[in-house]
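Morning, everyone. I have one structure to go through today, so let me put it on the screen.

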Amino acid sequence: MNMQIFQALLDGVLMGGVYALAALGLSLIFGVMKITNFAHGAMMTVGMYTVYVVSTGLGISPYISLIFAAVTLFVLGYVIQHFLIDKISQAPTHNQLLLTLGIAYILENGLLAVFTPNYKTLEVDDFEGSIKLGQITLSPEKLVAFAVVFVVTAVIYLMLYRTRTGKAIRACSQNREGAQLMGIVIKKTNAIAFGIGALCTGIAGALLTPILSIYPTLGETFQLKCFVIAILGGMGNLWGALISGLIVGVVESVTGYVAGGSWSDLTVYAAFILILLVKPSGLFGRSNRREH
Amino acid sequence: MLQIKNLFVGYGKVTIIQDLSMKIDSGEVVALIGANGTGKTTLVRAISKLNTVSGGTITFDGENITDLSPDKIVEKGIIQVPEGRKLFAQMSVRENLEMGAFTKRARVNEKENLEYVYSVFPELKAMEKQACGNLSGGQQQMVAIGRSIMAEPKLLILDEPSIGLSPITTQHMFEAIRTINKKGISILITEQNVQDVLKMANRAYVMQQGKIVLSGKAQEISKSEELKKIYLGM
Ligand SMILES: Nc1ncnc2c1ncn2[C@@H]1O[C@H](COP(=O)(O)OP(=O)(O)OP(=O)(O)O)[C@@H](O)[C@H]1O
Ligand SMILES: [Mg+2]
């Protein structure tokens with residue numbers, strides 16, 4: 001195989017991992033609350049700025065400030081669900097969507113007010129140069145990002161499948177009233193699930209900070225990407241989100257190599273529409289249907 | 001044990017349950033019967049607080065529980081096997097049972113209760129690892145009842161447990177309910193299978209359009225002319 005295609009493929013997998021983590025969060029939130037979080041991209045940007053501020057302020061590695069971003073976003077997500085979205089949980093779904101959209105604008109404009117629209121770039125000195133394997137060059141930032149995604153995803157899965165709280169989250173996503181009848185407090189479970197979803201996108205943002213220049217509306221592109229990935233994976237289907245994230249990363253990167261960067265997004269969204277036409281429930285459409 | 005006084009329950013502006021009073025004593029099996037759409041489910045959902053009560057009171061062991069949240073009702077020991085079962089379809093049989101023991105109160109005896117469930121429904125043990133969504137209706141009903149036993153009920157509410165089951169499976173289910181009652185658990189059961197449930201129950205309430213129209217000993221109700229009139233003359 002042409003080595004450069006192979007290079008593009010690898011880059012795509014590494015970036016796709018980061019997308020996958022953010023989309024996993026979106027899909028989890030949908031699976032439990034049945035709402036699409038339009039503040040997902042803005043929350044990712046909050047994660048980016050948290051890393052930027054903590055790293056430049058304390059002079060520490062972004063991979064340590066990542067922990068701050070994770071905690072901040074968990075709390076932010078918990079609070080948003082508990083104090084805002086929950087209050088209108090009886091309202092029609094589109095009102096809940098508008099609420100998350102409103103939150104997105106508040107977060108973005110807050111960032112604009114504090115940090116100005118100027119690009120910010122974090123100088124990272126954790127690594128020197130890049131890793132070369134024959135003709136393949138790998139960016140250490142992307143490799144570390146992929147490793148962190150792997151660990152975070154594994155921890156979330158263990159949490160969902162092995163702990164009482166995690167099982168309660170899955171129970172709520174599969175049958176909310178069934179969960180209530182077993183004494184599960186929906187309000188608390190929802191807030192935790194939203195917190196975890198926000199944490200996913202926050203960590204994804206944190207991992208992108210050493211790779212990209214950041215600005216307050218950067219999250220918007222990722223919002224759309226997460227949305228596409230989560231739908232491809234079947235909304236609420238976590239494995240589907242992970243695999244679709246990798247696929248989108250690879251398609252984007254390989255198209256960029258073959259046809260040039262401006263074709264990447266076009267190809268991803270065209271493929272997305274085509275797939276939906278053929279399979280309206282997404283590639284892995286067996287999402288969490290809720291039984292009534 | 002459970003006392004309902006002058007209860008009103010509805011959906012939006014429509015009132016379904018009107019001025020309804022009933023009680024369940026400790027250790028009793030009480031049947032709630034009535035045709036389709038009379039409000040049996042509306043009533044039992046209100047007891048579990050899945051429906052909001054718009055008037056009247058519900059007391060349990062002398063305590064007013066009318067305004068408690070669903071999880072608090074479960075903590076008190078009122079557990080419901082709902083219409084349609086409401087299982088966690090993609091979770092295994094074992095996980096569904098474990099979710100029954102979610103409350104602090106139920107966690108204490110989780111192991112013993114699991115063994116008890118497997119002794120009542122030995123079939124469940126063999127399919128422990130299967131996802132509930134793949135089971136037959138009868139098997140799912142066993143999981144639903146098993147899950148409620150894991151929650152350590154003092155009062156167990158069963159909303160049409162025989163719906164969609166074959167006559168043999170229904171008998172099996174009623175047998176299990178009798179066994180559970182012998183453990184000292186009070187039971188409120190709604191049914192379409194009127195004669196079968198009246199054989200099992202101590203007392204019965206007959207409901208029509210959101211009101212109790214007949215109540216008394218199950219044996220007497222099953223023979224009464226009024227029951228026939230209500231059922232045939234609707
Ligand atoms: N969510 C709801 N919103 C509005 N009306 C409802 C709702 N659920 C039930 N109803 C109405 O309330 C009435 C009582 O219904 P309910 O389900 O309580 O009856 P039921 O006695 O349990 O009947 P069945 O034997 O069919 O289960 C019916 O007229 C029904 O149409
Ligand atoms: Mg009913």
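This is a predicted model: local features need pLDDT of at least 70, side-chain atom pairs count only at pLDDT 80 or more; totals for chains, interfaces and linings use all residues.

**Interface, cores and cysteines**

On the side of chain A that touches chain B, helix H6 (164-174) and helix H7 (176-181) are the elements that give two or more residues. H6(A) makes the largest contribution there, with 6 residues.

There are also 5 salt bridges between chain A and chain B. One of them joins Lys167(A) to Glu98(B), with the closest N and O atoms 2.8 Å apart.

Now the extent of the interface. Contacts involve 23 residues of chain A and 25 residues of chain B. Together the two chains bury about 2200 Å², and 57% of that is on carbon and sulfur atoms. Which three residues supply more than any others of the area that chain A buries against chain B? Arg164(A), Leu181(A) and Met182(A), at 35%.

Next, the nonpolar cores. The largest has 81 residues, and those touching the most other members include Ile169(A), Ile203(A) and Met99(B). Another core, of 54 residues, lies apart from it, with Met182(A) and Tyr116(B) among its members. Beyond its sequence neighbours within four places, Ile203(A) is in contact with Leu21(A), Leu66(A), Ala70(A), Val148(A) and Val152(A).

Last, the cysteines. The disulfide count over all chains is 0. For Cys200(A), the nearest cysteine sulfur belongs to Cys226(A), 10 Å away. Cys200(A) counts as buried because its relative accessibility is 1%. Cys226(A) is in no disulfide either, and at 4% relative accessibility Cys226(A) is buried.

Technical notes. Residues are numbered from 1 along each chain as its sequence is written. Chains are lettered from A and ligands numbered from 1 in the order in which they are written. Side-chain values use heavy atoms; hydrogens and water are left out. A nonpolar core is a set of buried Ala, Val, Leu, Ile, Met, Phe, Trp, Tyr and Cys residues joined through side-chain atoms within 4.5 Å. Buried means under 20% relative accessible area, exposed over 50%, partly exposed in between (1.4 Å probe, protein chains only). Contact means heavy atoms within 4.5 Å. A disulfide is a pair of cysteine sulfur atoms within 2.5 Å. Buried area is the accessible area (1.4 Å probe) that two parts lose on being put together, summed over both. A salt bridge is a side-chain nitrogen of Lys or Arg within 4 Å of a carboxyl oxygen of Asp or Glu. Helices (H or I, at least four residues) and strands (E, at least two) are DSSP runs, numbered from the N terminus.
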